[in-house]
Amino acid sequence: MTNVLILGAGGQIARHAIAMLAGKDELRLTLFARNTVKLADVPADATTVQGDVLDAAALRAAVRTSSMPI
């Protein structure tokens, strides 16, 4: 299984990428956004992580979350 971490998941380009990748059994999506409440159309099997990409600790946690075995 391939883990995909999408930074800035609330942005326009990220929303297109999420729509393209959603539902693919071979992918595990982790969506990183400043405010996860504002994320629309989050796939049921995706993991969401709230944080700022400039916060190194939050970013490390998101990378760890995206690479955890299922």
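Student: Which residues does Thr30 touch, not counting residues up to four places away in sequence?

Tutor: Before the answer, note that this is a predicted model, in which local features need pLDDT of at least 70 and side-chain atom pairs count only at pLDDT 80 or more, while totals for chains, interfaces and linings use all residues. Residues are numbered from 1 along each chain as its sequence is written, and side-chain values use heavy atoms, with hydrogens and water left out. With that exclusion, Thr30 touches Val4, Leu5, Ile6, Thr47, Val49, Ala62, Thr65 and Ser66, where contact means heavy atoms within 4.5 Å.

Student: And is Thr30 buried or exposed?

Tutor: Thr30 counts as buried, at 0% relative accessibility; the cut-offs are under 20% relative accessible area for buried and over 50% for exposed, with partly exposed in between, using a 1.4 Å probe and protein chains only. Thr30 lies in strand E2, and helices (H or I, at least four residues) and strands (E, at least two) are DSSP runs numbered from the N terminus.

Student: How many residues of E2 are buried?

Tutor: Seven of the seven are, so E2 is largely enclosed by the rest of the structure. Leu27, Leu29, Leu31 and Ala33 point one way from the strand, whereas Arg28, Thr30 and Phe32 point the other way.

Student: In what sense does E2 pair with E1?

Tutor: E1 and E2 pair in the parallel sense over six bridges, two strands being paired if DSSP finds at least two bridges between them. The chain crosses from E1 through H1 to E2 in a right-handed β-α-β crossover; right-handed here means that, with the strands pointing away from the viewer, the path from the first strand over the helix to the second runs clockwise. E2 also pairs with E3 in the parallel sense, over four bridges.

Student: Switching to the core, which residues make up the largest nonpolar one?

Tutor: It has eleven residues, namely Val4, Ile6, Ala9, Ala14, Ile18, Leu27, Leu29, Leu31, Ala33, Leu39 and Ala46. A nonpolar core is a set of buried Ala, Val, Leu, Ile, Met, Phe, Trp, Tyr and Cys residues joined through side-chain atoms within 4.5 Å. Strand E1 (2-7), helix H1 (12-21) and strand E2 (27-33) each give two or more residues to this core, and the largest share, four residues, comes from E2.

Student: What is Ile18 in contact with, leaving aside its neighbours within four places in sequence?

Tutor: Ile18 is then in contact with Ile6, Ala9, Leu29, Leu31, Asp41 and Pro43. Of these, Asp41 has its place in the loop between E2 and E3 and counts as exposed, at 73% relative accessibility. Its phi is near 55°, a positive value in a residue other than glycine, whereas most residues other than glycine have a negative phi.

Student: Now H2: which of its residues are buried?

Tutor: In helix H2 (residues 56-66) the buried residues are Ala58, Ala62 and Ser66. Seen down the helix axis, they fall within an arc of 70°, so they line one face of H2; the arc is that of the directions from the helix axis to the C-beta atoms.

Student: What covers them, and what does the opposite face carry?

Tutor: The cover over the buried residues of H2 includes E1, E2 and strand E3 (47-50), while the face turned away from the buried side carries the exposed residues Arg60 and Arg64.
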